[in-house]
Amino acid sequence: MSRTETLTPAHRLWARHHPEPDPIAMKTLGFWLYMLSDALIFAGLFAAYAVLDHKFNAAGGPQIKNVVHPLEAFVQTVVVFTSVLAYSLAMVGLKARNRMFVLAGLLSAFVLGGVFLGLEINDFATLVAHGITPERSGLMSIFFVLIATHGLHMAFGMLWMAVMMAQVALKGFTTEVVTRLLNLRLFWVFQASIWVCMFVFVYLNGAF
Amino acid sequence: MSAHEADPLDHPEVRHASPLAYVSGYLLSVIFMAIALLLTLRHTMHYLNFIIAVSILAGLALLAQALLMFRLDLSKSQQWKTFSLILVLPLFVLSIGLTGWMFHTLYPRTMMHFMQVQGADM
């Protein structure tokens, strides 16, 4: 008899017929680790922004204070936070096993996400109309890339949300659907956290 | 959740949803950002004091989101998310901070001539 077979289950590191790990917790942790790596993409972009936010890199063109509007950005801040709150409250509906509550929360979060993106696209369109484009300078390049990367995350989050609304309506609360809802919540709250950094270090710091 | 529990809605990550925590996290985040906005619009602080103040406010908003929106804590269902975030935070801060610091010192040492040509001041 091998030593492994004589150990009690509590002392074993692994076993051939060990019960399967919790599938929901494993997937949410995996998705969480992906998001931490995503945060490092933003760290790289913020580092590039910190370097390029200098008058030399404006190449005689507009500086950050000329392109940011703190009050309008604050409206975006409230909108994205409210969208995250709506999604989080949908998870309260999930806990209460209320499908309509979940769908209403997801729809509210989706609409508010659309409002946020609409404000951002409008902001970009105004800048472009004034001849302020990414190719104007290194500073403008990183400004557009940084903001648009976050906007792209929001757009993919909304696409994911639309898929989840259909899945909740058609499939109900299966293990797969619940896992995806939990992962999407992590993703959506993460967008608000990244936006805090953008609002403070790009919009407010830039306007000061 | 044990592998034998079939109902996904009994999972701890579903059960820890809390309207009170979510609304508190939302309100605190909005309040901290509103204070940061006021500091910017009033423009009465020196730049160094301003950047320290808004950085602290951003940190508080992020902390409120981590604790009340992400619901991070040391419970069995959340502990690995909490530990991994704590381990990644130095990477996030150092990669931005060290890059900024390097270029902050590099610009005056390498661009002085260019600055004089342009008539720019630091």
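Predicted model: local features only at pLDDT ≥ 70, side-chain atom pairs only at ≥ 80, totals over all residues.

**Helix packing between the chains**

Helix 7 of chain A, residues 175–207, packs with helix 2 of chain B at an angle of about 10°, and their axes are 10 Å apart. Angles under 35 degrees count as roughly parallel, and so helix 7 of chain A is roughly parallel to helix 2 of chain B.

Which residues make this contact? On helix 7 of chain A they are A:Val196, A:Phe199, A:Val200, A:Leu204 and A:Ala207, and on helix 2 of chain B they are B:Met33, B:Ala36, B:Leu37 and B:Thr40. Sorted by class, the contact of these two helices comprises eight nonpolar residues and one polar residue, with no charged residues.

Let me turn to the interface as a whole. In total, 47 residues of chain B are in contact with 50 residues of chain A. On the side of chain B that touches chain A, the elements giving two or more residues are helix 1 (12–15), helix 2 (19–42), helix 3 (47–69) and helix 4 (79–110) of chain B. Of these, helix 4 of chain B gives the most, with 13 residues. The residues on this side of chain B divide into 34 nonpolar, 10 polar and three charged.

Apart from neighbours within four places in sequence, B:Phe50 is in contact with A:Phe208, B:Leu39 and B:Met45. B:Phe50 also lies 7.8 Å from B:Thr40, C-alpha to C-alpha, with the two residues 10 apart in sequence.

As for chain B overall, there are five helices and zero strands, in the order α-α-α-α-α along the sequence. Buried residues make up 24% of the 122 residues in chain B. Among contacts in chain B with a separation of 6 or more, 48% are between residues 24 or more positions apart.

I close with chain A. Helix 6 of chain A, residues 138–171, has 34 residues and reaches 48 Å from its first C-alpha to its last, close to the 50 Å expected at 1.5 Å a residue. Just after helix 6 of chain A comes A:Gly172, with a positive phi of about 80°.

Key. Residues numbered from 1 in each chain as written. Chains lettered and ligands numbered in written order. Contact = placed C-beta atoms within 7 Å. Helix = DSSP H or I, 4+ residues; strand = E, 2+ residues; numbered from the N terminus. Nonpolar A, V, L, I, M, F, W, Y, C, P; charged D, E, K, R; others polar. Axes fitted to C-alpha atoms, helices over the stretch in contact; angles between N-to-C directions. Parallel < 35°, antiparallel > 145°, perpendicular 65-115°, else oblique. Expected span 1.5 Å × (residues − 1). Buried ≥ 20, exposed ≤ 12 C-beta atoms within 10 Å, placed from the backbone.
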